Amino acid sequence: MASHLKASEEEPQLPSLGESPSSDEGEGKRNEGAGERGEVEFDFDFLLREDQDESGLIKHRHRRRPRRLALKVAACVVAVLVVACAGACFVVADSVRGLKSQASSALSQLSAVQSSVAAHDFEAAASSARDLQSTASQLEEGLAAPVWDFVAGLPAVGSDVEGARALTSVLSDASANALVPLTDALRENPVESLIQDKTIDVQALTGLLSTVQETAPVMQRCADAVDALPQMHVEQLNSAASSAKEKIGEVNGMFQAAAEVAPVAGGLLGAEGDRTYLLVAQNSAELRASDGFPGSVGTLTIKNGEVSFGSFLSVYDVLNEDTPASVSITDEERTLFYGYTRYTWDNSFNPDFERVGSIWAASYEERNGVHVDGVVSLTPTVVQSLLAALGTSVTLSDGTVVDGTNATKVLEHDLYWKYLSDEATVDYNTGAWMTDALFSEAAWRSSEVVHNNLTTDTLVKLLGVLMQGGGDREVMVWMADGTEQAVMETLGVTGALNAATQEKPTLGVFANIWFGSKIGWWFGMETDVTGVDAAADGTRTYHVSTTVSNYLTAEEYATGGAYIIGYLADPGYYEPFVYLYAPAGCAIEGVSASNGAQFSATEYKGLQVLYTADVSGDFDVARPSFPVYPGQSVEVTYDVVVPAGVEGELEVASMPTLQQYR
């Protein structure tokens, strides 16, 4: 904006180049042309001279000199700072452009490592890891330049420089000390080469697992450092830090998952000696709290790295009928499961598979004289998931095709209806023998598919199916070795019910049908948290509803046959034992059933348990007075009280049912 002040009203100006400040009036003049541009030219040499008169003689004006000299010095300093800052800003801006490009490359290279490992392209993964190491080194070098020390001293944005330096340090640490060593190890010992000719390369496996254990702490250190980064003022830096945090978190998750298993994986796969595992094919149609009735049992052995599967046989041919005395059934177990604990296979009434697996292992060892290293429980739904993952099918001896779309329905319903319903064309004894044999054959042929196509890729798919099944108790594992069992517990696949090991407040809801049948196909059980009240002291009260339903139709009731729907005088209904396990440190209160069923309370391994109390019959064949008739439902409502000291939202664990497959 142009000035309209008169010369006498203007502020004193510093003289322009070549002009002598001969008078006060001269001090206010503007250089011709400069005034039009609103610019002032500074004579920096003038600051070195004292005031002179027209003759060149020095004029001493003691009272004005300090003020005028201060103005001149200030102007000089400002000018120098302006020039310096302009130069610094130019250098910083140029450096920022380069660093931004490098940072983008680093994040892309980190993603490339992750995707290449997932695709088992370990050559590409190793190359990307080394590229990331180089880029991170360049970023560190760039941010170490003196100009960034200057910027680091500025208010606000200075802390962003330290944040950027910390981030590049993390990338450098992660690439040099974790990603490069691991991807190099994978390149030298590709996962695909770990299993050849159905034999595990134990030496290569051990080396790879050792590298995982060494590098996992590095990735955890890097993830922690990124999480600790402060909020930055520059949005682009915030965005880059957020992306890095997300990607490093994902990669760290992969490292930590592998590291959890690494200490015992070698032993599990035979690196420390031969192994024998029981594979128990459970029949969920014969409802039990630990997945079902253990209809068929097979073995998986590893000797000198060579993997083999044994035939699946009826449980009656593999385990002893009586529960081994060595397992010492407890008073808690007798209270909850009555005389059913007498029979080895009926210990699956207990939803605590950690206990059930140990009993089955003891029975197998007692009968067969072979040490069992672990027991794995599998339902037909796992067979279906496995066949789907492998994209294959098996054909049973009667011509029935079982694949990734129908295995559960075929094995839990169709075969029984074909051979044992009133519509069957074979006699009862033949039908019973055929259904048991076909159930075992399906388990055996599925294991044969895995064995015949045993590669690392097949093993990875198998492990994926097992881990997915472990999340909803379709797969449960017991290991004889305590350290290995602890790892399985960490992975959440043990089906254990124990207050000492529970990490989250988990409500357990389970049921058993006491009589032999396949009526579990029509059993439904759903548990819903309908609300929660929080008290001032931090106590939370969850309102819960569990609905037990009988989906048997009138038509199915008319033609189902006793083997399928039960040998009761008036078949088609069932009388389930229902169990409610309180979360560790919590309590269940106010239980009420819509049909008037009563519940008693006891404890199991430190957990409060409420269970169906009205029973008839003798101790060995107790039956609950809790009938659920075809087409009907019974609702059980109750409260779960969670004290202030128990953290986390309420979760629910239950045995798998077949509702979604009907």
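What percentage of the 662 residues of the chain counts as buried? The figure is 46%, where buried means under 20% relative accessible area with a 1.4 Å probe, protein chains only. This is a predicted model, in which local features need pLDDT of at least 70, side-chain atom pairs count only at pLDDT 80 or more, and totals for chains, interfaces and linings use all residues. Residues are numbered from 1 along each chain as its sequence is written, and side-chain values use heavy atoms, with hydrogens and water left out.

**View 1. The whole chain.** Here you can find 17 helices and 21 strands; these are DSSP runs numbered from the N terminus (helices H or I, at least four residues; strands E, at least two). Of the contacts with a separation of 6 or more, 70% join residues 24 or more positions apart, a contact being heavy atoms within 4.5 Å.

**View 2. Helix 3, residues 122-143.** The 22 residues of this helix should span 32 Å at 1.5 Å a residue, and its end C-alpha atoms are 31 Å apart, which agrees. Among its buried residues are Phe122, Leu132, Leu139 and Leu143.

**View 3. Helix 12 (residues 407-420) meets helix 13 (residues 428-452).** Their axes, lines fitted to C-alpha atoms over the stretch in contact, come within 9 Å and cross at roughly 155°. Helix 12 and helix 13 are therefore roughly antiparallel, the term for angles over 145 degrees. Residues making the contact include Leu411, Glu412 and Tyr416 of helix 12 and Gly431, Met434 and Phe439 of helix 13.

Definitions and conventions:
Axes are lines fitted to C-alpha atoms, for helices over the stretch in contact, and angles run from 0 to 180 degrees between N-to-C directions. Angles under 35 degrees count as roughly parallel, over 145 as roughly antiparallel, 65 to 115 as roughly perpendicular and the rest as oblique. The expected span of a helix is 1.5 Å times one less than its number of residues. Buried means under 20% relative accessible area, exposed over 50%, partly exposed in between (1.4 Å probe, protein chains only).
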